[in-house]
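Let's take a walk through this protein and look at its pockets. Keep the 3D view open and follow along.

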Amino acid sequence: MNPLFNLEELDRKTAVDTIGLTGKNILSVDQFDTELISKIFDRAREMRAMVNTVGGVDLLKGRVLAALFYEPSTRTSSSFIAAMERLGGSVIPITQGVKFSSVSKGETLADTVRTLEQYADAIVLRHPQVGAANLAGDYAHIPVLNAGDGAGEHPTQALLDLFTIREELGTLNGLKVAMIGDLKNGRTVHSLTKLLLHYNVSLRFVSPEILRMPLKIMNKVIDAGVNIRETHDVADVIENADVLYVTRVQKERFGDLAQYEEVKDHYVITSELIERAKEKMIIMHPLPRVGEIHYAVDNDPRAAYFRQVKNGMYIRMALLAAVLGEA
Ligand code: NCD
């Protein structure tokens, strides 16, 4: 691919759709193959180099992103905002969507989307219902990016997770990836699992019985012929894992809070536990954490979760530039 920026002169190259995402929605990781992923990663590395040298450019000057969040968010919303701003664009932040917009008056998602597209060039949407982003995509005439649809998918998170693994460990092949916690309701592990099936990995799913990975995704894993084992016990995976991907038990998805109370503290990653892990491995978490990883672990060089946060901005910069036709 031709570079987007000439870092010495910072001239913008003529806009070309080399990634092939111009005008497209980003709804599911099913859209991505290894070739597309590697192009996005190359762009994300360029974004990182650009941010580290000059902080920002005018690539998306005059472009507007509507950030519509019907569920709480810290990282996803602020990284999309930062990504847009570092590329010279701007944002309509409806990050408290339900409370302060006409959504609270009963406006439908379809009407909200058809309104926002009058002002904006792309919409990023987080919503509690599975399939909400697809519905928004059906109505909108501008790109819709799925920032999490209930317990469904979280494709931009999965790309930044995969990018983090690649950048931290130097490869995506030959790795043992262990996912721990709420594999039933965690949309990040659903999307990441599907992306990892493109590579030569072994998967280990660690969860309480009631929070096992959904059958639909298990079937995809089995069809892909990937080496997979499920267990309830983190002790079974700690010594061999190259990636320990820890998740929060998704309280908001439980109908019965007594059931949540039973499983919420099931797994806690401590310094003692990771003493048994490999010297070269990483601990990841999409965050927020609510006790699954002790603070003492943060000082371990293998704790990658805040570096993972930063990668989110580079990946979202790459994706925004791509869907807005500037990459
Ligand atoms: C996750 C989410 O919202 O799915 N957070 C994120 O986007 N980084 C994970 C979670 O809420 O547990």
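Start with the lining of the largest pocket, which by class has 4 nonpolar, 10 polar and 7 charged residues. Here Ala, Val, Leu, Ile, Met, Phe, Trp, Tyr, Cys and Pro count as nonpolar, Asp, Glu, Lys and Arg as charged, and the others, Gly among them, as polar. A pocket is an open set of points on a 1 Å grid over the protein atoms alone, where a 1.4 Å probe fits, with protein on both sides within 12 Å along at least five of seven lines; lining residues have an atom within 4 Å of a point.

Keep in mind that this is a predicted model, where local features need pLDDT of at least 70, side-chain atom pairs count only at pLDDT 80 or more, and totals for chains, interfaces and linings use all residues. Residues are numbered from 1 along each chain as its sequence is written, and side-chain values use heavy atoms, leaving out hydrogens and water.

So where does the largest pocket lie? Domain 1 (7-153 + 312-323) and domain 2 (155-309) both give residues to its lining, so it lies between them; the domain bounds come from an automatic or database assignment.

Now hop over to the second largest pocket, with a volume of about 320 Å³, that is, the space filled by probe spheres set on grid points joined across faces, edges and corners. Of its 17 lining residues, V130, G152, E153, K194 and K216 are the closest to the centre. Helix α8 gives the most to this lining, with 3 residues (helices are DSSP runs of H or I, at least four residues, numbered from the N terminus).

Methods
Helix = DSSP H or I, 4+ residues; strand = E, 2+ residues; numbered from the N terminus.
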